Amino acid sequence: MDLNKLEPADLRLLRRLLMNPGMRQSDLAKDLQVSRPMVNQTWHKLVRTNHLRVKSSVDYGKVGMSLVFGWAQASETSDQLKAFCAWLDSNTQVTLASRSVMTSGTNAAVYFEAVTSLGRDPPFPARFIDWSNDRTSDFGLRYDVAAEVSNHLNMGLFDGRQWTLDEGFRFEVSTGAMKDYADVLPAMNSLKLSKPSACTVENLAVLSVLEDSYHASVREVTEYMSRLSLRCPPERTLRRRLDSIRSKMTLPYVFLSDIGLIHKAVLCVDSSSQESPLSRMLHIQAGTLPKARVVSGRSLSVLSIELPSLWNWLALSSSLIQITKSSAKTLTFIAQESATRKTLEKALLRMTGKQSLA
Amino acid sequence: MPRDLVPGQSALPEVSTPYDDLIPSVDDPSARFYLEAIRLYLALFAGTVSLEDAKRVVEHLKENPEFAKSPTDPTVAPVNEHFMKKIIDNLKTLKKYNLHTSDSIKSAYSFAFLNDETPINDRDLQVLSCLARSPLSTVNAIARTLEIAPKTVSSSLVRLKDQHAVRFSCLSDNTAFGIQSVMLFFKLSEGVDWAAIETGMAGFPFTRSILKTAVSDLGYVSLMFPGGEQELSVLRSSASALVGSVFDYVSLHVQSSMGAESNLALLNNGTWSISEVIRQPPEAAPVEKAGSTLHVLSCGGRRKEFQPLDFAVTSELRSDCRASPETVSQSLRIKGWDVDTKQVISSTHRLIERRVILPYTVFAGIGLSGNFCFEVVCKPDWTERILSLMPLVPAALYFVSSRGVILWIQVPSQHQVEYYQYFRSLEHKRGVESVLPIMTLVQKGSRSMLDLARHWKREDDFWYVDTDDLDLASYLT
């Protein structure tokens, strides 16, 4: 299902929630001046029809981990690219692998994200890096450690049935003009990631629950920990820890699906300079797009966008590449749907020596 | 017969518009070029300049090197309130951000003419289908075919031109006049500055159009010049010499035939369907040889009965092949050619009769927002097989050479991936060497044939150029 139409009441709730994704239903009711049951009813309808969820961007560094991201590209028939994609599929640290179905050139490409444990960076077998450095091979691999992550959903562009997106002249001009002021403009929904530092397995478990559900309760965390055979602290202690981790290690964002965003596009930017304002510009400008995620490191940035039509992709990509062309190399492609795996959970299973959750 | 425009004899008209306060003053000649184009469009809308005077101004604008990079002619753009408002909005945006660069002003103009999607009603679709089948059909003939009143057809035609940018062009076999049409595909070498190469290509006197988008590493330049194998050989050697220094890849196609197809039957109730053949990979469905329904125009070589006057008429008909003979004659006079109405009628008749031109209908804004160009290098039997697929595509243009075929296809956004993957996968067929794509927002215009002819020499009824002039490398290095 690509589009479950939204009613005005749904949009009203979502738009308010998007202004502050950490809001609870009671606060939403107060703000919207409607009853709590009405908010609850709308909320549950959106959960049913559009998989509404408040998820969390996670500061992996605070639990001793790094988010490694990047892309590989080669000719469509490249055995090396096939081997790399197979490795991505089988590796438990990989959270995301989006393969191209249509690229701006003739190469095929894959974008990936992986969450690696402290001191295990980069996560690839050396052969992939060797292939990439081999001048006789067309296989290219670029990766970086994420320093900032942002997730965006802009329901202001959606009337419940159709998206109105200015991917044309105004987008190009405002992005170009904004680039020069990127360092002073605020980037909404953006989380800076800390350098990895050691943490307890209990904190990792709490964060794993929050990653999927920002408003997770003490009971949900207790159940999760017991399924991992972890010792649960007393309820009051756990509550304090849950609140602390929620406020210090996560940033909430709204997840919604089946809203007519049928194409996923990826724009990979390789800036030669670490001082480049491009990543900052992408974090800021992504908020003007329907649904987007930006991951940036020291020299690489990746913008993943969900769009109502491919025309939008070409217009947007052209505008963005036009702006970045003098200071960066870019690669853009339409990607297959890709499932995000729960990597913190995988790491927990490794740490606790379990095969799966009980 | 051609005559030169004598400077001062026909002074350029002053162009002013009610929106002049929105048009900034700039020094950069490239930026000024696009601003003048915008001013001219607004003046045409406001009625402060006549079409004839506007054409005179365009002739002047063509002297700007920017015209070769991006042929911009407001006199052929649809003049209506919708586009005018978009241009005004874009000018206001430029003012708001205080942006006066050539790139931003060019975008202000070009983004305004990107067609918005407008639903097409059944009647207009029927009329458009008739025109797609037979672009020169009269209003009365269409009315008879559809069993409706001629007035209804006329209203439809106005709407189609206004909302769906319908216009009537024609393909032309320029070899009849001794003129070669050539396309050079290229990939830039690492580190080469595209802006400098583009300027060099624009300065090459035989360049008709240049296409190189920001998102693609492949581009092409289309060229037109008088001559034969000797001239082609110079160009070919010159392009090859650039491999390694400027280009990583060059591929030269000399036109041997061309065609245009459209399949509006794929549009039902506002939704485009996709042929099962395209939906399946080519391995699953064999690609058959071309059918007889293709609208192909073959290049037959020099035909002495066709004179430069016919070439001039052809050039005008490519802009609008339904234009009245009076309009063609008047337009040619502005460009320095004394060709009377009778001569236009006679020439047009012979050009169509002897298949030197083939009219076709161009349309936009009905959901075909995906534009691809594919350079297919293949064996001749594969050229035929690939051409046989064209009637399965909503709208297609093609250019055939001994090296393969170049396709421009317009497809609906929701099927873009399927079309892309289908054509790309032909590369795996034995007999197909490569299928290289370029994705674009719009198919760009080109310099008119008469603009190019200004750079050619003429002796009796033949045009020629010095072979050394075809050394492209001297413009790019």
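pLDDT is the predictor's confidence in each residue, on a scale from 0 to 100. This is a predicted model, in which local features need pLDDT of at least 70 and side-chain atom pairs count only at pLDDT 80 or more, while totals for chains, interfaces and linings use all residues. Residues are numbered from 1 along each chain as its sequence is written, with chains lettered from A and ligands numbered from 1 in the order in which they are written.

The model scores ipTM 0.81 and pTM 0.87. For chain B, the mean pLDDT comes out at 89, with 94% of its residues at 70 or more. Residues 1-10 of chain B fall below 50.

On to chain A and its helix α1 (residues 8-19). Its buried residues (20 or more other C-beta atoms within 10 Å of their own, C-beta atoms being placed from the backbone) are Asp10(A), Leu13(A), Leu14(A) and Leu17(A). Seen down the axis of α1(A), these fall within an arc of 95 degrees (taken from the directions from the helix axis to the C-beta atoms), so they line one face of the helix. On the other side of α1(A), Pro8(A) and Met19(A) are exposed, meaning 12 or fewer such neighbours, with partly exposed in between.

As for where the chains meet, contact (C-beta atoms, placed from the backbone, within 7 Å) takes 23 residues from chain A and 24 residues from chain B. On the chain A side, α11(A) gives the largest share, eight residues.

Technical notes
Helix = DSSP H or I, 4+ residues; strand = E, 2+ residues; numbered from the N terminus. Contact = placed C-beta atoms within 7 Å.
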